[in-house]
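Hi there,

Here is the structure I promised to pass on.

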Amino acid sequence: MRAQTRQGLPSSTRQQHGGKRRRAVSAAAAVAIGVMTLGALAPPASASASASARPDTVQQALNTLVRDDGMPAALASVQGRDGRTRTYTAGVGDLATGSKVPRDGQVRIGSNTKAFVAVVVLQLVGEGKIGLDAFVDTYLPGLVRGEGIDGRRITVRQLLQHTSGLPDYSVHLDDDEIRNRYIEPRELLDIAFQHKADADPGKTWGYSNTNYVLAGLIVQKVTGRPLAEEIDRRVIKRIGLRHTYFPAPGEKTIREPHPRGYHRNPADGPLRDFTEMDPSWGWAAGQLISTNSDVNRFFTALLAGRLLPAAQLAEMRTTVPAGTSGLRYGLGLTSRPLSCGGLYWGHGGDIAGYETRGGVTEDGRAANVAVTSIPTDGAATQHVTDAVDRALCG
């Protein structure tokens with residue numbers, strides 16, 4: 001969304017998800033995004049005797065993000081094949097006070113929200129209430145119109161896979177202008193449809209938050225209930241995510257213990273506290289708040305078949321190339337190769353103040369990493385991804 005946009009995909013891909021890595025990473029974008037004294041690095045929460053006897057590669061990766069990349073804080077939750085979970089922190093939770101980073105603290109998870117929305121849509125597909133290859137106009141007649149834009153030619157599948165060609169509204173938002181403003185979903189569409197289509201439907205992959213705003217509206221149309229309620233009932237409560245929620249209209253704070261989030265706009269500007277903000281501009285594309293451990297539980301349950309019938313999970317895992325580094329995009333789900341072989345499934349998210357990356361493997365490993373500022377250069381972005389790889393390959 002510039003606020004959110006490039007939520008979850010690598011900077012190289014983020015044309016990225018639309019594209020351009022946010023003017024300077026405007027919050028809106030993603031959604032989005034000195035070296036200073038950041039305080040002492042916290043040790044891992046729970047380390048076995050053998051782990052404490054040698055440097056822990058995950059802790060080292062988080063320390064690097066703080067020390068070398070200027071992240072105020074970094075957090076991680078790692079689950080092994082045996083189900084054992086470790087949590088890690090580095091840096092400080094509040095630059096003003098130097099307070100500790102809450103272990104497994106809540107953060108804004110940005111575009112990981114898309115995976116939750118895709119699950120709800122695919123559940124409704126399994127129930128026969130939505131057709132994956134039905135056109136958007138079937139559910140939202142006349143809404144999707146503009147230069148090169150026609151909801152009679154765009155399918156639900158193309159929305160979920162970012163192959164609709166729709167322009168991304170978030171690249172036209174300014175973080176500071178929308179930080180304290182409540183924006184209705186249809187206002188976001190009005191912004192998007194002032195611009196011409198990026199491509200013809202089905203021709204190419206291109207990340208656009210607009211796709212998921214439409215997916216959220218389709219969920220509301222066919223269920224007759226708010227999107228937040230459907231996510232809560234069908235996903236959050238179903239698998240017992242105790243620290244995950246969709247902020248209520250006008251809710252700008254984070255409810256449980258959390259590290260404060262910081263943002264640079266422009267990219268070479270100072271870090272500013274962006275913890276409190278109205279996330280409505282993200283809505284179905286990036287509004288959720290969660291913890292690293294809850295995100296791991298979500299993707300683990302998803303890949304284990306606890307949220308979708310086999311047919312719909314198979315559709316979700318059917319991917320197309322999405323940029324570089326072997327990243328592929330399914331229906332609200334990405335896959336990425338691991339340095340140790342195989343791949344992992346997840347999503348990722350950026351929103352002003354926070355970036356999250358992670359995923360799960362077929363054999364039950366899971367890892368999610370969060371930092372409290374969106375990286376503004378390629379090296380730092382890669383270091384976040386490297387931290388996930390270390391956690392899953394360690």
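Helices α3 and α10 cross in a left-handed sense. Keep in mind as you read that this is a predicted model. The α3 helix covers residues 112-126 and α10 covers residues 292-303; their axes cross at roughly 35 degrees and come within 12 Å. On the α3 side the contact is made by Asn-112, Ala-115, Phe-116 and Val-119, and on the α10 side by Phe-298, Phe-299 and Leu-302. Sorted by class, that gives six nonpolar residues, one polar and no charged ones.

A second pair is α6 (residues 185-192) with α7 (residues 209-223). Their axes are 10 Å apart, and the helices pack at an angle of about 140 degrees. This crossing, too, is left-handed. From α6, the residues in contact are Pro-185, Arg-186, Leu-188, Leu-189 and Ala-192, and they meet Thr-210, Val-213, Leu-214 and Leu-217 of α7. Here the classes are seven nonpolar, one polar and one charged.

Which residues of α6 are buried? They are Pro-185, Leu-188, Leu-189, Ile-191 and Ala-192. Looking down the axis of α6, these buried residues fall within an arc of 155 degrees, so they line one face of the helix.

Glu-230 sits in helix α8 (residues 227-236). Its relative accessible area is 2%, so Glu-230 counts as buried. What does its side chain pair with? The side chain of Arg-234 makes a polar contact with that of Glu-230, at 2.7 Å. Setting aside neighbours within four places in sequence, Glu-230 touches Val-120, Val-219, Thr-223, Arg-225 and Val-235.

The other one is His-347, in the loop between β12 (343-346) and β13 (349-351). With a relative accessible area of 3%, His-347 is buried. The His-347 side chain has a polar contact with the side chain of Tyr-329 at 2.7 Å, and it reaches the backbone oxygen of Ser-111 at 3.3 Å. Leu-333 is 14 residues away from His-347 along the chain, and their C-alpha atoms are separated by 5.5 Å.

Happy to talk any of this over.

Best wishes

Technical notes
Residues are numbered from 1 along each chain as its sequence is written. This is a predicted model: local features need pLDDT of at least 70, side-chain atom pairs count only at pLDDT 80 or more; totals for chains, interfaces and linings use all residues. Side-chain values use heavy atoms; hydrogens and water are left out. Axes are lines fitted to C-alpha atoms, for helices over the stretch in contact, and angles run from 0 to 180 degrees between N-to-C directions. Helices (H or I, at least four residues) and strands (E, at least two) are DSSP runs, numbered from the N terminus. A crossing is left-handed if the near helix is turned anticlockwise from the far one by less than a right angle, and right-handed if clockwise. Contact means heavy atoms within 4.5 Å. Ala, Val, Leu, Ile, Met, Phe, Trp, Tyr, Cys and Pro count as nonpolar, Asp, Glu, Lys and Arg as charged, and the others, Gly among them, as polar. Buried means under 20% relative accessible area, exposed over 50%, partly exposed in between (1.4 Å probe, protein chains only). The arc is that of the directions from the helix axis to the C-beta atoms. A polar contact is a pair of N or O atoms within 3.5 Å; within protein, one must be able to donate a hydrogen and the other to accept it, and residues adjacent in sequence count only if both atoms are side-chain atoms.
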